[in-house]
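User: I am new to this structure and would like to learn how its features are read. Could you guide me through them in turn?

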Amino acid sequence: MSTLEAGARRLHVITWGCQMNVYDSARMADVLAPLGYAPAPVPEGADMVILNTCHIRDKAAEKLFSELGRLRRLKERRAADGGRMILAVAGCVAQAEGAEILARAPYVDIVLGPQTYHRLPEMVARAARAGGAVIETDFPAEQKFDFLPDASAPQGITAFLTIQEGCDRFCSFCVVPYTRGAEQSRPAMAVIAEARRLVAQGAREITLLGQNVNAWHGEAPDGGVWGLGRLLRELAELPGLLRLRYTTSHPRDMDDELVTAHRDLPMLMPFLHLPVQSGSDHVLAAMNRRHTAADYLRLAEKLRTARPDLALSSDFIVGHPGETEADFQATLDLVREVDFAQAFSFKYSPRPGTPAAGAPSQLPDAAKEQRLAELQALLRGQQARFNAGCVGLTLPVLFTGRGRHPGQVAGRSPFLQPVHVLGAEDLAGREIPVEIAAALPNSLSGTLTEERARA
Ligand code: 5AD
Ligand code: SF4
């Protein structure tokens, strides 16, 4: 396939799941740009549709096949109009269910796992030529980041940057080590170069991404290896960058250098997503988390000593195989002890091929449902109290654009809360102190103070 005039073909990408998938979708669009593919807002009439899937929870396969049914009709309509729509399934469901997808949905042209995006142009060429399906779900020896072009589309004021992928931790319930493969860290210089480009394109906040981001251990410019704490120190020097964040972390990979970075770098935002999953040592052991509830509490304490205003966020799973009522109570105890600013909580859902899925002591859905409701009520209360505690404070807000209502501007607090302020001025890209006047369950509102901080 020859290089085409930019925008000659229309590409629609549907993204499910995490920020990593959002990032991957943008990179797939980047690799296809030289083939003439430009983003299209709707799948109707597109020359290529990529469905970037997520396998972490929910009924991933059912959701996929129902969406594919819809896309099949669009593909047929396009063919009836004399065109051709290439249909690709990417992401973790593609990795996990590759052959099954082609068996059940033979109209799919390309199935590609997360480690093969850099080969997409070649797959598109093969699919276009042969008309048969192409499947690429190996974990290639080469690292995809070495073969991807530099990100082209600007991400805006708050940008995401993937620094590591995959995971070697093998938590009992999790598909990531199987769908994303072994842990791979990008070299420090590649990360810094990408961060520089993002800032040049207007980014003022960068969130470093990875399935287990604090396991990052990238090749350093001096030939050694850096950890995440060291990398953050380096990124904090970038002129124009105001804020840094990273997600998602494992408690066991939180080393002292990283804790110290929270003490020393004011621009490392005081909000940390640090999943604990359970507060019961028995369940934590069954989950293969390799830490106890007391380890987590100690770590939270250490982090809060390093950065006293640090707000913690977490993920929880209720109803992991073998979880007793006492185990669940231990989770509630841990939540009360830590006091989270916000959290995500889920019912355990068996993922085929993971150890927990085959465990004998699966819980009935009703028990999971009840525990989830109880845990969420507790977490909601903590979040509401945390938000209410912000009222009366003056918080620096990084403005990103207009709010939903006319005359409103919107941004984020250091704790990632959306903040709305009345004002007609275009404040996008500026970090300005805001007096917080009111708290809603998921956001804050306030007024601009006299002082105008860093532009
Ligand atoms: N069932 C329920 N929740 C899960 N998570 C991961 N796998 C499962 C599963 N099988 C949750 C974990 C993880 C978050 C991203 O999703 O809490 O931290
Ligand atoms: Fe999955 Fe995170 Fe555990 Fe890795 S550390 S296996 S990504 S839950």
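Analyst: The discussion below takes up the ligand sites, the backbone and the helix contacts of this predicted model.

User: Let us begin with ligand 1. Which residues are around ligand 1?

Analyst: One begins by listing the neighbours of the ligand. Around ligand 1 these are Ile-56, Arg-57, Phe-173, Gln-277, Asp-315, Ile-317, Phe-346, Lys-347, Tyr-348, Ser-349 and Arg-351. By class, this shell divides into 5 nonpolar, 2 polar and 4 charged residues. Two strands, β15 (311–318) and β16 (342–347), each contribute at least two residues to the shell.

User: Which atoms of Arg-57, Asp-315 and Ser-349 lie close to ligand 1?

Analyst: Here one looks at the individual atom pairs. In the side chain of Arg-57, an N or O atom is 2.4 Å from an oxygen atom of ligand 1. Asp-315 places a polar side-chain atom 2.6 Å from an oxygen atom of the ligand. For Ser-349, a backbone N or O atom lies 2.7 Å from a nitrogen atom of ligand 1. Ligand 1 taken alone exposes 400 Å², and the protein buries 88% of that area.

User: How is the shell around ligand 2 divided by class?

Analyst: The shell around ligand 2 has 7 nonpolar, 1 polar and 2 charged residues. Its members are Cys-167, Arg-169, Phe-170, Cys-171, Phe-173, Cys-174, Val-176, Pro-177, His-250 and Arg-289. Phe-173 is listed around ligand 2 and also around ligand 1.

User: Next, the backbone. Is the peptide bond from Thr-247 to Thr-248 cis or trans?

Analyst: The angle to read is omega. For the bond from Thr-247 to Thr-248, omega is near 5°, and the bond is cis. Thr-248 is found in the loop between β13 (243–247) and α9.

User: Is phi of Gln-277 positive or negative?

Analyst: Phi of Gln-277 is near 75°, a positive value in a residue other than glycine. Gln-277 belongs to the loop between β14 (271–273) and α10 (281–286), and this residue is also one of those around ligand 1.

User: Which residues make the contact between α9 and α11?

Analyst: Again the axes are read before the residues. Those of α9 and α11 come within 7 Å and cross at roughly 35°. The contact is made by Asp-256, Val-259, His-262 and Arg-263 of α9, together with Lys-302, Leu-303 and Ala-306 of α11. Its residues are 3 nonpolar, 1 polar and 3 charged.

User: Finally, at what angle do α11 and α12 cross?

Analyst: The axes of α11 (residues 293–306) and α12 (residues 325–338) cross at roughly 10° and come within 11 Å. The two helices are therefore roughly parallel to each other. Ala-293, Tyr-296, Leu-297 and Arg-304 of α11 make the contact with Leu-334, Glu-337 and Val-338 of α12. By class, this contact has 5 nonpolar, no polar and 2 charged residues.

Technical notes. Residues numbered from 1 in each chain as written. Chains lettered and ligands numbered in written order. Predicted model: local features only at pLDDT ≥ 70, side-chain atom pairs only at ≥ 80, totals over all residues. Heavy atoms only, no water. Near = heavy atom within 4 Å. Nonpolar A, V, L, I, M, F, W, Y, C, P; charged D, E, K, R; others polar. Polar contact = N/O pair within 3.5 Å; in protein donor to acceptor, adjacent residues only side chain to side chain. Areas by Shrake-Rupley, 256 points an atom, 1.4 Å probe, with all protein chains shown as cover. Helix = DSSP H or I, 4+ residues; strand = E, 2+ residues; numbered from the N terminus. Axes fitted to C-alpha atoms, helices over the stretch in contact; angles between N-to-C directions. Parallel < 35°, antiparallel > 145°, perpendicular 65-115°, else oblique. Contact = heavy atoms within 4.5 Å.
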